[in-house]
Amino acid sequence: MASRWPVASLARTRLTTPGIFSRPSRRAYSHYTPARRRCLLQQQTPNCLLTHRKAFSTTPWRRFADVDDSFDPRQQDRETDEVDVCIVGGGPAGLSAAIRLKQLANEAGKDDFRVLLIEKAGELGAHILSGNVIESSAVDELLPNWNDTENPSRFEHATPATKDKMRFLRKNSAIPIPAPPQMKNHGNYIISLNQFCKWLGERAEEVGVEVYPGFAASEVLYSKMDGSVMGVATNDLGISRSGKPKASFERGMEFHARVTLFAEGCHGSLTKQIIKKFDLRRDSQSQTYGLGLKEVWEVKPESFRKGEIVHTMGYPLPSSTYGGGWLYHFGDNLVSLGLVVGLDYPNPWLSPYGEFQKMKHHPIYKSVIQGGKCISYGARALNEGGFQSIPKCAFPGGALIGDTAGFLNVPKIKGTHTAMRSGMLAAQAAYTALIASPNMDNGTVFLFNYEDALRKSSIWSELKQVRNMRPSFHSWLGLYGGIMYSGLEAYIFRGKTPWTLKHKGPGDYAATKLASECPKIEYPKPDNEISFDILTSVSRTGTNHEEDQPVHLQVEDWEAHKNDQYPKYKGIENRFCPAGVYEYVEDANKELGVKFQINAQNCIHCKTCDIKAPAQDINWQTPQGGRDPTTP
């Protein structure tokens, strides 16, 4: 008979003496037998150091399946934990919501008000793309002395913005153009968002938030009474690629909460389900996305201009594709550079990764990074729909906050301040609702006040003011007309026009033309000094997936997918993926002479495949555990 480590006994406790025991993790002591794990944990966590919040449930001990057993892991009960608020995602929105909730509870003397935050990354910030310009209004409100030199807990890695440049690029030249008011960065800071989230996590723990990195929420839990959201469950560990439990099998946990806040970031896997179940897009347009590809370089001192911010448009992207690049000088001789490519591009031969590598050879970028060293790479999808694409954000039992709801200001190229503010608004609404209705028996919590607060906030007015800029580029105006119209919106109209432009189609996938209708694009070979092959870049992401686990990029029938999609798009998956996950490998024994292959271990969690696949038959799910891409 084999047993499991009762994780719930850890998840329901809080240390009363800081620094004695590190954050509980269900991977701690994973190489020991279950009995030995319990002994070690008991030795390191004496009862006198633990305060039990409430009675907890644990799963009865069960044996593991033998090799020949027919065993469904779902037959095994999960351990459960009950909290007041559960937050899914440890980015700026989730952490801001958690901090604000505990600030309110602590001010009211309600020490037993439990706020729990789970994050799929192995540590906070590990899935956050660095190189960010932050408008500090939200963090000023949440943590007023965050950048005060006399504050011993201040954030020490903020570089004040000193200079703005905007350039329209041709192949070998750069034309200065005026930057719209939204892109003026006086008073803003260039930061590593990775480091910022780690710092926010420390502030969250200081006020009493229970933070659990390495817990990937994989399932939304619904009430059997009324269908409302009642929490989330984390994924099972120790499942082999074939779907069978291994000797290390461990059932996931359930976290029950009266309010669950989803802060998964762009195109969250659980958010997709929530939006569909509660029809949250019934009054909004479909979301449109961009793919942001980024590198951080250590450059030569003579090439470094601390605090300088450069944005570019034009080359290398064709006029049919929305996007632009950036250069941010921050820290000590560090430069963040990248390219955002609108995923509503029509040509299936286009490769965002190839465009990014080509862009770095333009003189405005090459002159900065030549002779330097690329130290990290990453890519993420971004919400670009703006005001028109904001869904209903509250639903029975919870709410959407941050980038998972789509609060990125595209013309401003900023979303951290809106994400944080939305988290703070949701926290205020959740706390008010829970205090007014303190018992579970009082029914489902619906955050009406959150929806109202959003509409009265700077988030709403800010996004409404710039709502017509992004869609103008794919109207009859085209690229140059879109630039001119956006200038009118920025300087004259200021969002006060009586019309609202629409995004095209049901989604970015629908904008994709057949390969036979578009010119083929050939990309130059990388020189391994300025540009690099895709696998070299993936090695800089810190990607570390266990290979013997179920493929988290779900395609129901690989062969059917290939037979339907390859003749139409000639391997678009291989080109839109910035990590070499998808391949069409030559195979004379296969129909069409190729085999469709998914290298899931390369995945860097950008979620582009879920968005851009023309057949919409690729479903991105969280992989097992928290060992995945990290971006320093």
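Is Phe 387 buried or exposed, and what is its relative accessible area?

Reply: The model is predicted, so local features need pLDDT of at least 70 and side-chain atom pairs count only at pLDDT 80 or more, while totals for chains, interfaces and linings use all residues. Residues are numbered from 1 along each chain as its sequence is written, and side-chain values use heavy atoms, with hydrogens and water left out.

Phe 387 is buried, with a relative accessible area of 19%; buried means under 20%, exposed over 50% and partly exposed in between, for a 1.4 Å probe and protein chains only. The structure holds 24 aromatic pairs, where rings of Phe, Tyr and Trp (its six-membered ring) pair if their centres lie within 6.5 Å, and planes under 30 degrees apart count as stacked, over 60 as edge-to-face and the rest as tilted. Phe 387 forms an edge-to-face pair with Trp 460, at 5.3 Å centre to centre and 75 degrees between the planes. Phe 387 lies in the loop between strands S20 (373–383) and S21 (394–395), and Trp 460 in helix H11, so the pair ties together parts that are 73 residues apart in sequence. Helices (H or I, at least four residues) and strands (E, at least two) are DSSP runs, numbered from the N terminus. Trp 460 is also buried, at 17% relative accessibility.
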